[in-house]
Amino acid sequence: MITENQESQYVTVNLGPTHPATHGVLQNVIRLDGERIVDAVPTIGYIHRAFEKLAEHRPYYQIPPITDRMNYCSAPINNIGWHITVEKLLGIKVPKRVDYMRVIIMELARIADHIICNSILGVDSGAFSGFLYMFQKREDIYEIYEEVCGSRLTTNLGRIGGFERDFTTVALQKIQKFLKEFPETLKEFEGLFNRNPIFMDRTVGAGAISDSRALNYGFTGPNLRATGVDYDVRVMNPYSSYEDFEFDIPVGKNGDSYDRFMVRNAEMWQSLRIIEQAFNNLPAGDYHADVPEFYLPPKEEVYNYMEALIYHFKIVMGEVDIPVGEVYQAVEGGNGELGFYLISDGGRTPCRLHFRRPCFIFYQAFPEMVKGSLLSDAVVTMSSLNVIAGELDA
Amino acid sequence: MSDSQTIFKWKHPLEESLVSRLKESFLEAILGTDLSSDMLVITVSKEHILAILNYLYQEPTLHFQFLTTLCGIDEDQKNPPLFAIVYHLHSLENNLRIRIKAYTEDREAPTFPSIVSLFSAADWMEREAYDFFGFNFVGHPNLKRILNMDDMTYFPMRKKYPLEDQTRTDKSDEMFGR
């Protein structure tokens, strides 16, 4: 119990919404007793863009750009997650090649996401050089996106039923180059951090959470696995042919910032393994499913063939029949289980679309995680949780 | 709903016993089960949500201890128009997902019991549902808006609130369904 007399001794610090250590517009009002945190009150919603409402007014093929802007550090996973959801509703079976191409892109996105989280955790704890090494590789990943879909950050990658175009030779070369060069950088990065006593002092024990509390708070992804729970959507409910690949689920033990860092690093190695397997066994075949009602025909055909023109018109004008139904599809996003709960009433737009945004769900544990710790630990904790404001606020 | 069981099959060996056990324990509180969706859907009466979720949470062979999502739905097309709340539960031990739905006919002041005492994750999820649909969660420790500003006077995800300012004339293209 806090009496009024004690209350007056606390210092209230406003962290955010535009603070260099928050990496995104999120605010924390922190009450301090000396340097110890007594209480933290997160305020969110600064970049709320009403995506769920917006999605009720957009036809299915116009929703990927909305998903881009949630976790913008790994936008392709959001895009592909949405495509898989719609394919589940429509009952589309995509060719094996599409699955493998998607796996390559999603794992690249996961690496990019983890690069950001881990290297910025380094920056926040005073180690800048790791960030510079790793961001070079992130740039390489973005160049691969560019080659595959034409854009870098908000990718709008893929279409319902597959990809807009096949991987080009340049894209394949770039992926190969990345596979060859990234392990060296990652090794270098791990060499800088993993057993670095200063880094360990800052992160070991900071923002720890137990496995049972983490589950109760709905943690998923690396943050949950750092507590020792090996829940991974890719293994539990495989999608996009993840069952074909051999990989481990790295888990931590203490659920603190250091374990989260280590789990993300280990996951990058596993992602590399998956990309290698998918790249070496990339099946021949078409790069999209044969679903003319949903997949836009090539422009050449639209200009020259009646059927293609009709399909083009029907898709763009939203005259395609969408089955009534509701589906929930989860994919393993950069931060955990990214879920799409889609209800279709047969109209051209979803009747209701709810995004399960992992950030939104685990960030509410933040006050509990930092209670009693130092203010500097709060910064490290927030950084290691990888709170992405876009995903938080939708 | 009931005859759909003859057409659609159980997707997980546990589902059938789950439904029969629930019906045994809660009798008329279980309003229906639907197998036609991608996962088992159980419709329950809203008064018993907490008890049912608690049962599913505690029951040793079930252990639905992971709350995946919680969200509201505005079913204004139905007769009578309804508000629904949907829980996606995941039993990590059995790798089984189920969907629990509850309805209310009260369009003015929809209330649902809060499940924060069971799942800490439900705290912000319920605040979100309150923020966008105006659901009043009885027993929630801190029920206030979360993403929208505090002085907002309406609940934007209800279907009756339009996406854009309806007085605008520059965007009146009906063909694109705006």
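This report describes a helix, a sheet and a chain interface in a predicted model.

Residues are numbered from 1 along each chain as its sequence is written, and chains are lettered from A in the order in which they are written. Local features need pLDDT of at least 70, side-chain atom pairs count only at pLDDT 80 or more, and totals for chains, interfaces and linings use all residues.

Helices (H or I, at least four residues) and strands (E, at least two) are DSSP runs, numbered from the N terminus. Helix H6 (residues 129-149) of chain A has 21 residues and spans 31 Å from its first C-alpha to its last, close to the expected 30 Å, which is 1.5 Å times one less than the number of residues. Just after H6(A), A:Gly150 has a positive phi of about 100°.

Chain A also holds an open sheet of 3 strands, ordered E4-E5-E6 with antiparallel pairing; strands pair if DSSP finds at least two bridges between them. E4(A) and E6(A) are the edge strands, each with a single partner, so one side of each lacks a neighbour in the sheet. E4(A) and E5(A) are joined by 9 bridges, and A:Val327 stands opposite A:Leu342 in E5(A).

| Strand of chain A | Residues |
|---|---|
| E4 | 325-333 |
| E5 | 336-344 |
| E6 | 352-356 |

At the interface, 26 residues of chain B are in contact (C-beta atoms, placed from the backbone, within 7 Å) with 33 residues of chain A. The largest share of chain B's side, 6 residues, comes from E3(B).

Methods
Two residues are in contact if their C-beta atoms, placed from the backbone, lie within 7 Å.
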